[in-house]
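Hi,

Here is the structure I promised to pass on. Have a look at it first, and then read my notes below.

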Amino acid sequence: SFQVTVNSLGTGETSKKINNVAVVKTNDPTDPGTPTNETEHDVDKADLKIRKDSDPLPGTVVNPRWNGGQGSIITYSVYVTNTGKTVAENIRITDAIPENTLYLEDTATSTVGGNVGPVGTISNAKLTWIIPQLKPNETAIAQFKVEVGTMAANVYKMDIKNVAYVKLVGPNGDPTKDDPSNPGNPTNEVKHQAERFKKAAGQNRIMPDSLVDYHLSGLMNPYAGEVTDFVITDLPPKELSLVSLSMPAFVKGKGVTYSIVYKTNLTGLNSVVYKAGIPADKTYTCNAPELKDGEYLTNISLLFAKVPARFAEGDEVVFTFRVAKNIDSSNVINKGLLGYTLDGKEIEIPDDSDVPLGPPAVTPTPTAKPSATPTATLTVVDDNDTPKAPNLPKTGEMEISTYLFIGLGLILAGIGCMVRSRHRRGKKA
């Protein structure tokens, strides 16, 4: 008897046959011997099919944590199925916590063939599961949850990407012979885009007595359930007069209605209902409310009593304003707010739209030889607001002209004195 070690199968191979025949013969060199019967063995190996998925589905817009509000919760799932003909042993699944997310403690779980499997361990922001055994046609599922983190103040969109790796650890699944530098085979990439509330003007620079559109986006309810007192608000400065409002057919707006309310410098803290019972699943446009002389808006809001999960995903509201005619050149700051109530807690997400007022600044063309002596400059603006430099004399020319003017003045003054003297003498004569 003797023993052999079966070599590993080639890449892509899941099975192979091993055949063996022995020969029995005498010591006679001419004796060809008598063969035994042939033995045959099937050599199979485990073959793993892997897939990554998430809830919400890949490609879905999610919300970040912001100003006390919870970020969207993402559940990642790694599916590993043994499509081979033999048992797979010591399967390692690794998954790094995606950037810009927060791991929710004790959520790294697994199931094997529908039964509770081992929990994942975390180290250096990476989760690891070791599945001891996976039978043919059996599936293991490793899961964990994260919360979308906080964005920087000037960031409104960011990508959240995740890839897991699966490997049979070491030769024949021996964990003591694992090569840590080889993570295994990658799954498909799962990607989400985080987006938060944003208020932005439709143009980079505005002029007095011109129209400007303000776009409010990132309005989605990020929670798994409904929220109440959902409010989209604009707090315009005195320099802006509302012209019109334009609302979309909101995503998941069926059965939801809203009102348009406003406050002015004369109503103070009291809100005035302008429109009510507007169906949220239909587009709606209206003009601004009529105000009294000297009255101006301080608050214009869309009020929703309650909205479902993922309401307003990808939607945008547009408020159109007219800039005042008489206004100093400065930035116009128009503040927006997105607010709602969740579990009795009021959450408010602000954003400012800071837009320069006036034409683009003109960069002066440098002269070939700038004067070493500082000189005053003068800019004249014509009707087209295009700066023009007047033709000013050079410093030396100005000095000569000044001396000539003074000398000529003295001569004329002397002549005048002589004429008056002669005139007085003529009277005496």
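Strand β10 (residues 109–112) runs antiparallel to β14, and 4 bridges join them. (Strands here are DSSP runs of E with at least two residues, helices are runs of H or I with at least four, and both are numbered from the N terminus; two strands pair if DSSP finds at least two bridges between them.) Within that pairing, Val 112 has Ala 140 of β14 as its bridge partner.

Before I go on, some ground rules: this is a predicted model, where local features need pLDDT of at least 70, side-chain atom pairs count only at pLDDT 80 or more, and totals for chains, interfaces and linings use all residues. Residues are numbered from 1 along each chain as its sequence is written, and side-chain values use heavy atoms, with hydrogens and water left out.

Is Thr 150 buried or exposed? Thr 150 counts as exposed because its relative accessibility is 51% (exposed means over 50% relative accessible area, buried under 20%, partly exposed in between, with a 1.4 Å probe and protein chains only). Thr 150 and Trp 66 are 84 residues apart in sequence, yet their C-alpha atoms are 5.9 Å apart in space. Leaving aside neighbours within four places in sequence, Thr 150 is in contact (heavy atoms within 4.5 Å) with Arg 65 and Trp 66. Its side chain also reaches the backbone oxygen of Arg 65 at 3.5 Å. That is a polar contact: a pair of N or O atoms within 3.5 Å, where, within protein, one must be able to donate a hydrogen and the other to accept it, and residues adjacent in sequence count only if both atoms are side-chain atoms.

Next, an open sheet. It has 3 strands in the order β6-β18-β15, with mixed pairing. β6 (61–62) and β15 (157–162) each have a single partner strand and stand at the edges, so one side of each is left without a neighbour in the sheet. β6 runs parallel to β18 (residues 190–195), with 2 bridges between them, and Val 61 has Gln 193 as its bridge partner in β18.

His 192 is also in β18, and it counts as buried because its relative accessibility is 1%. The side chain of His 192 has a polar atom 3.0 Å from the backbone oxygen of Pro 56, and it reaches the backbone oxygen of Leu 57 at 3.2 Å. Beyond its sequence neighbours within four places, His 192 has contacts including Val 62, Ile 74, Tyr 76, Met 158 and Ile 160.

Asp 234 counts as buried because its relative accessibility is 0%. Its contacts, again leaving aside neighbours within four places in sequence, include Lys 199, Phe 319, Phe 321 and Lys 335. Asp 234 and Leu 302 are 68 residues apart in sequence and 9.1 Å apart in space, C-alpha to C-alpha.

Cheers
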